[in-house]
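Please study the sequence and the model shown below, and then work through the exercises in order.

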Amino acid sequence: MRDTDAITGLEIEKILTELEDESSPRYDTLCEVVCRTTAPLIRNRCRTSAVLRGRGLEGDLLNEICCRAIVKSAIYFFYREEGKVNDDPAAFRKWLLALARNLISDYEQSIGKKDAKKATAVRGEDGEETDPVDLIPAPETDNSEETERIRAAIAIVLADDSQIYKTLTWLALTVLMLTGAESRIEASRELADKYSDLTLYQLFGVIRRESERIPWLRLTQRQCRHIKELLDREDPGGGTYGDAVYSAFFMKKGARATVSDWFNRISAKVRRADGGSGWNI
């Protein structure tokens, strides 16, 4: 009887076949293997970690580890050596577990920092209790007015009835620019080239993960539920919008031009909604 956590050579072959399908790359087997391999580790850490325990993050972590595996597996594992395919099942399992441990560590550090800031703010410098309901993490920027404009712009975008793939494009570009992209052109290139093969569910997972790097930028639970409702809607082509691959919505003008066009259209709506004083990138 084989170890149920082990990965077989046949599974690696199937993963590679699905990834290399030029007409329609798929990630079914990859995600199945990722979840089976990493779920015990994630479940155990969510139960035993003082930081993660009781937060209900197991599902989020599993979704996130699948997103990371999809984005990184081909580049960092299977094809990291030019002209050679790394198809060692045992090595792949080891790599996935390392990926999961890094993800768990990222979550623990991020949550730990937030909890520490919240505890300090609630207690106050003079040691007196304050009302935690009204506390907002201090922006990590010198221009608090600009952060408010960004948050207001996000609220406008999420309240608008645009197609969900356009909304996610605007959010993704905004988050990418706030987390390090040097320009909108660079962010558009990264989004079009790096994430075009993700489903809309997976793209939303990337947005949520990257937004966690910005302490003052938080999508509320209500906003996340609204996005999830839009993703769960039935796609006229079959299935749900969330299950559809991002690139399936691109126009004939190409990925980067499409991404830029959608961003401009949504930004124009933001400017009209707030009288032209909204955040401009």
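This is a predicted model: local features need pLDDT of at least 70, side-chain atom pairs count only at pLDDT 80 or more; totals for chains, interfaces and linings use all residues.

Residues are numbered from 1 along each chain as its sequence is written, and side-chain values use heavy atoms, with hydrogens and water left out.

**Exercise 1.** State how many helices and strands the chain contains.

*Solution.* Helices (H or I, at least four residues) and strands (E, at least two) are DSSP runs, numbered from the N terminus. The chain has 10 helices and 0 strands.

**Exercise 2.** Determine which residues of helix H1 are buried and which are exposed.

*Solution.* Buried means under 20% relative accessible area, exposed over 50%, and partly exposed in between (1.4 Å probe, protein chains only). In H1, residues 9-19, the buried ones are Glu11, Ile12, Ile15, Leu16, Glu18 and Leu19. Viewed down the axis of H1, these buried residues fall within an arc of 165° (taken from the directions from the helix axis to the C-beta atoms), so they line one face of the helix. Leu10, Glu13 and Thr17 are exposed on the other side of H1.

**Exercise 3.** Identify the residues that touch the most other members of the largest nonpolar core.

*Solution.* A nonpolar core is a set of buried Ala, Val, Leu, Ile, Met, Phe, Trp, Tyr and Cys residues joined through side-chain atoms within 4.5 Å. The largest has 75 residues, and Phe92, Leu168 and Leu191 touch the most other members. Helix H6 (residues 164-178) gives the most to this core, namely 10 residues.
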